[in-house]
Amino acid sequence: MNAMTSPAASPADVCFVQVEKKFDTTTALHSLDLEIERGSLFALLGPSGCGKTTTLRLIAGFEQPTAGHIYIRGTDVTGLPAYKRSFGMVFQSFALFPHLTVAENVAFGLKMRNVPKPEIAAKVAAALELVELGTFADRYPRQLSGGQQQRVALARAVVFEPDVLLLDEPLSALDKMLREQMQVEIRHLQQRLKMTTVFVTHDQEEALTMADRVAVMKDGRIQQAGTPRDIYDRPLNEFVATFLGASNIIEATVKGTEDTGTVIDVAGNTLRIRAIPATTGTRLRFALRPEKISIGPITGSTTTGVSATVREAIYRGSQTLLYLDIGGMPVNAVVQNAGVEPMNLEPGAVVALHWDNANMVALEPTP
Ligand SMILES: Nc1ncnc2c1ncn2[C@@H]1O[C@H](COP(=O)(O)OP(=O)(O)O)[C@@H](O)[C@H]1O
Ligand SMILES: [Mg+2]
């Protein structure tokens, strides 16, 4: 796409076209392409330093790209300063004004925009109702819990109905229980308001729980973008497979291709998978989720499934986590404790592993 073409026809509310951001010698973002659909919640997920905050700051206009273009609602906003853009933002640190009441904190952005007073009062009341803090209007931030303060910050960010809501790790300062509760609350709020939201997190469960779409980032590049289910079930590479949940990496060698599919060797076991374009002798890596593996006893002399040795079994109430070994290759499995007669899972016990080969996802090298 050349720089003059506006992607106005696309339903994307936020669109990055080959956006690059350099800070002196550091390239924080390498030619990023991004499309965020109107009314959706989009999560940017990745380890610290991968460029998540930089991406948000570019949407806000706090930073400008060193190359490429940014469109919001079809308008090229590249170069436009933050005060000319329409966004609400919530950070990890609550950043409320300590000397202002809850209502005054929420009203702040409206006053800055010269909204008439009666309208301010109505909008503030509605926004506080939305985050269930209607009765807290006259309190000061220090009289609120961490979760309540973050709800005030959220009310302040949405009260003027911005085009985009930007949330930068807003829940990471909260404890686990509260964080999980707030994940659901923010999601409901976002769906009720149908507000285009970009949510930054380094917590994979948070991204899976909340987002319509997730972009997994590493070193200033998007490794994969898609629905939580796409990304979890069909990771493109080892980074995505292991960053998003636990995954076994199964090493295999291609033995040949038949009409019915490709034959591979996994630590001495012959498996047939859906035909893939790979020549005999090629080494491949597959992702296989621990919960896709089931275990059974070795029956008689003919083993169906792949035989594995138990290294350790960890009882976890509803599940058992198994550390296994297939001909020297470590593999983890998670099995549900469904109340059937427990098998011998002592270290050294040999068991048969079963899985649907369709759950083995061939991985590309991580860029
Ligand atoms: N203002 C800045 N000056 C120099 N380097 C920066 C600046 N902001 C971010 N960076 C660098 O850009 C990279 C991405 O940072 P950031 O977007 O904050 O990552 P994340 O939010 O994913 O942790 C990091 O290497 C960081 O050190
Ligand atoms: Mg950050």
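## A tour of the ligand site and the salt bridges

The shell around ligand 1 is made up of 4 nonpolar residues, 6 polar ones and 1 charged one. Here Ala, Val, Leu, Ile, Met, Phe, Trp, Tyr, Cys and Pro count as nonpolar, Asp, Glu, Lys and Arg as charged, and the others, Gly among them, as polar. You are looking at a predicted model, in which local features need pLDDT of at least 70 and side-chain atom pairs count only at pLDDT 80 or more, while totals for chains, interfaces and linings use all residues. Residues are numbered from 1 along each chain as its sequence is written, chains are lettered from A and ligands numbered from 1 in the order in which they are written, and side-chain values use heavy atoms, with hydrogens and water left out.

**Stop 1: ligand 1.** Select Phe23, Thr26, Ala28, Pro47, Ser48, Gly49, Cys50, Gly51, Lys52, Thr53 and Thr54, which surround ligand 1 (each has a heavy atom within 4 Å of it). Now show the polar contacts (pairs of N or O atoms within 3.5 Å; within protein, one must be able to donate a hydrogen and the other to accept it, and residues adjacent in sequence count only if both atoms are side-chain atoms). Gly49 brings a backbone N or O atom to 2.6 Å from a ligand oxygen. Thr53 has a polar side-chain atom 2.8 Å from an oxygen of ligand 1, and for a side-chain N or O atom of Thr54 the distance is 2.6 Å. Strand 2 (26–37) and helix 1 (52–60) are the elements that give two or more residues to this shell; both are DSSP runs, numbered from the N terminus (helices: H or I, at least four residues; strands: E, at least two). Helix 1 supplies the largest share, 3 residues.

**Stop 2: Lys21 and Glu63.** The structure holds 18 salt bridges (a side-chain nitrogen of Lys or Arg within 4 Å of a carboxyl oxygen of Asp or Glu). In the one between Lys21 and Glu63, the closest N and O atoms are 3.6 Å apart. Lys21 sits in strand 1 and Glu63 in the loop between helix 1 and strand 4, so the pair ties together parts 42 residues apart in sequence. Lys21 is buried at 8% relative accessible area, and Glu63 is buried at 17% (buried is under 20%, exposed over 50%, partly exposed in between; 1.4 Å probe, protein chains only).

**Stop 3: helix 5.** Select Glu180 and Lys176, a salt bridge with its closest N and O atoms 2.9 Å apart. The two are 4 residues apart in helix 5, about one helical turn. Glu180 is partly exposed at 36%, whereas Lys176 is exposed at 51%.

**Stop 4: Arg285 and Glu251.** Finish with this salt bridge, 2.7 Å from N to O. It links strand 14 to strand 11, with the partners 34 residues apart.
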